[in-house]
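Work through the following exercises with the sequence and the model at hand. Each task is followed by a solution in steps.

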Amino acid sequence: MIQQVQRVSALGLALLLAMPVSAQQSANQDTGFVLRAESDLVLTNVVVRDAKTGEVVKGLKQSDFTILENGKPQQISDFDFESVDVAKPLNEATISGLASSVNGKTATSGVRPEDLKDHRLIVFFFDLTSMQPEDLDRSVDAAREFLKHKMQPADLVALVSLDTGLKVDQDFTSDKDLLASEIGMYNGTEGAAFAQGANANSNQVEDASGYTADESEYNDINTDRELYALRAISKSLERINQKKSLLYFSGGLSRDGIENQAALRSTINAAVRANLAIYSLDTRGLQAVTIGDASTGSLRGTSAYNGAGLQNSFNANFASQETLTSLSVDTGGKAFLDNNDFAPAFAQIQKDSSAYYVIGFHSTNPARDGKFRKLTVRVTRPGVKLEYRPGYYAPADFKHSGKEDRERELEDELASDLPATDVALYLDAYYFRLDENRFYVPVSLIVPGSQIPFVKGGDKDKATLDVIGEVIDEAKRPIGHVRETVKLSVDENQQVRQKNIQYSTNFSLPPGKYHLKFVVRENESGHMGSFETDITLPDMKKTPLKLSSILLASQRVPTKASNPLVHDGQQYVPNISHVFRQGQHLYLLYEVYSPAKVKPAVDASTGAATKVVKGSIDLMSSLELIQGSTKVFETPVVQATALNVAGRDAVAVQLDVPLDKLKAGSYIGQLNVVDDAGGSFAFPRFAVLVREDQVAPAGGPVAGQVTAPAQK
């Protein structure tokens, strides 16, 4: 008997469905699921029937079976026989542990592994986004009929729906009345009704201009969403070794070309690994395919007369059913199409799950290439026919995953509440005002070169990094997004592994509070790192001294770009670690906005007002470096008497401090900013670490190396 079955609880199914993928993977590792991504144990269910009578053949032993993977025999390591005929009844006290904690229900106890043996585990999954109201009514009526009159004591049923989100409406239970009541929520016959979905073709009406929007991308997104839901359900059920069945109520699932192929393959693979058979039920039933109805716009041209319109309708209907068929056939289930009687679908699930053999083996093929592997099962008993799934997809490491899978991996990590820590990642963000209602927000990320596995490519060391990030406002809405692949190619003698790799981007944002999150993945091993932080862009209208971020840099690079970090054709590269070497320069850049104008003063002896240059200001700055309680260095005071940033009512101050005369050590930098005309001031502080330089520093005094802002 297979002994790896884990304890099942309501929170297991409900919460895992709500988790991001990365969180699910973490949970899987903690609970010891049998079919984890890193495990090579493969389970398949085999139904052995008498070729003449169709009855299940019982009493076979492990030695009676042979299983082959791509034609190569495999050693059976796990074997069991499940039959609902010998299922032990589960009392309501035990079953209550499976009730979902969603909607205020509380899980009180769990089901032991031995309790689940010989039971049917059936999930009713209602895709509310794809069904018309009349189709939903038929589905609910059929399901309620099954629950009240056909459901058997060995059956445990769960209810899951997809509407605005994926939701567990009722965890596994044998309570017929509870299930019948809960299922009425879907069409409003019991409790609160769900909003009913629309057909994917219901918005194809052409506007007055004759333009019809290309919906292929929207259809791809919708299909991916439904496939992702199926994949999430599969992953949440991995911990249970028994065969599970999922009855998928759907109004059709269309794919556009090969765009969704990776998502479909990933969904099938997740179901196979979870030992979950999908039974697809097209709730549209038997359809009369026409060339138009009230849900679509009128046909134009000759397609209504030459048969093209009718053929297109047939093709669209076939495409929406083809995916349902693939999901069922490849997971060991069956698709029910073009039939107004839904009862056979329920009967088929009960029949296929009544009695079956579970065979497990460890593949002798160590390759983690993600390729499909065909399974062949043979039995020594003559005169029988076998039913089992045709194969499975091998585990895939990062090198063998497809482009779509890699993109989904990044998106999942970006949405995850759990940080990725395989790659060290550091981030800093700054702000510079563009106008009263908009800030320029540069963001810099650093990955240590030691974290990146460079590979030899010709006379270069090469690597690629994937970067994804987003900005979320206070209402949890994404208002900024970045996705870029960075290609690195450096000379071997540059010793990049001892340096940092820096990536910079920027956003334009209004004042407010925001949350930034970035994920970086190196594309040799697939390791990822994430960093997230909050940033507040101040409303400066009532601030006496309107000051930007203080940007520290150790280098400036030539550029033709135009932004607040560029001055005299050179862009400041933020040093987010604030670590410098003695041979470097400490560059500071900051801006002061709308400084006060100097007012004419009155000469006490003559009573006459002094002459003042129109629009002149009186802004003074200096930098102090402090160790402990001792000031060890101070730059001369730099004075600005005029604005020097065109069009932004700002003064940009640039300080250049060579560090060759400073001793290595930690410092506190204090920037003194005084608006003498306005009587306002600020003294921001920051930490600086100066390290010994490996090369003898060039001479030259520190004092006098301060660059004043250009004067107008």
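**Exercise 1.** Is Leu427 buried or exposed, and what is its relative accessible area?

Solution. The model is a predicted one, in which local features need pLDDT of at least 70 and side-chain atom pairs count only at pLDDT 80 or more, while totals for chains, interfaces and linings use all residues. Residues are numbered from 1 along each chain as its sequence is written, and side-chain values use heavy atoms, with hydrogens and water left out.

Step 1. Apply the cut-offs: buried means under 20% relative accessible area, exposed over 50%, and partly exposed in between, with a 1.4 Å probe and protein chains only. Leu427 has a relative accessible area of 10%, so Leu427 is buried.

Step 2. Leu427 belongs to strand β15 (residues 426-429). Helices (H or I, at least four residues) and strands (E, at least two) are DSSP runs, numbered from the N terminus.

Step 3. List its neighbours, where contact means heavy atoms within 4.5 Å. Leaving out residues up to four places away in sequence, Leu427 touches Val443, Ser444, Leu445, Phe518, Phe531, Thr533 and Ile576. Its C-alpha atom is also 9.6 Å from that of Gln502, 75 residues apart along the chain.

Step 4. Of the 712 residues, 49% are buried. Among contacts with a separation of 6 or more, 73% are between residues 24 or more positions apart.

**Exercise 2.** Give the strand order of the open sheet of six strands, and find its edges.

Solution. Step 1. The order is β7-β6-β5-β8-β9-β10, and the pairing is mixed. Two strands pair if DSSP finds at least two bridges between them.

Step 1. The edges are β7 (166-173) and β10 (335-336): each has a single partner strand, so one side of each has no neighbour in the sheet.

Step 2. Seven bridges link β8 (residues 244-250) with β9 (residues 276-282) in the parallel sense. Tyr248 has Ser280 in β9 as its bridge partner.

**Exercise 3.** Which elements does helix α5 lie across, and how is α5 placed against α6?

Solution. Step 1. Helix α5 (residues 133-150) lies across β5 (120-127), β6 (155-162) and β8, at about 160° to β5. Angles run from 0 to 180 degrees between N-to-C directions, and axes are lines fitted to C-alpha atoms, for helices over the stretch in contact. Helix α6 (residues 176-183) lies across β5, β6 and β7, at about 165° to β7.

Step 1. The axes of α5 and α6 come within 9 Å and cross at roughly 175°. That makes α5 roughly antiparallel to α6; the classes are under 35 degrees for roughly parallel, over 145 for roughly antiparallel, 65 to 115 for roughly perpendicular, and oblique for the rest.

Step 2. From α5, the contact is made by Val140, Ala143, Arg144, Leu147 and Lys148; from α6, by Lys176, Leu179, Ala180 and Ile183. These residues divide into six nonpolar, no polar and three charged. Here Ala, Val, Leu, Ile, Met, Phe, Trp, Tyr, Cys and Pro count as nonpolar, Asp, Glu, Lys and Arg as charged, and the others, Gly among them, as polar.

Step 3. The buried residues of α5 include Asp135, Leu136, Phe146 and Leu147. The buried residues of α5 pack against β5, β6, α6, β8 and α10 (343-352).

**Exercise 4.** What is the order of the four-stranded open sheet, and which strands stand at its edges?

Solution. Step 1. The order is β4-β11-β1-β13, with antiparallel pairing. At the edges stand β4 (76-83) and β13 (384-387), each with a single partner strand. Neighbouring strands of this sheet are turned by 25° against each other on average, direction ignored.

Step 1. Strands β1 (residues 41-50) and β11 (residues 355-362) are antiparallel and share six bridges. Val42 is bridged to Phe361 in β11.

**Exercise 5.** Which glycine in the hairpin of β22 and β23 takes a positive phi?

Solution. Step 1. Strands β22 (residues 512-522) and β23 (residues 528-537) run antiparallel and are joined by 10 bridges.

Step 1. Five residues lie between the strands, and Gly526 has the positive phi, near 85°.
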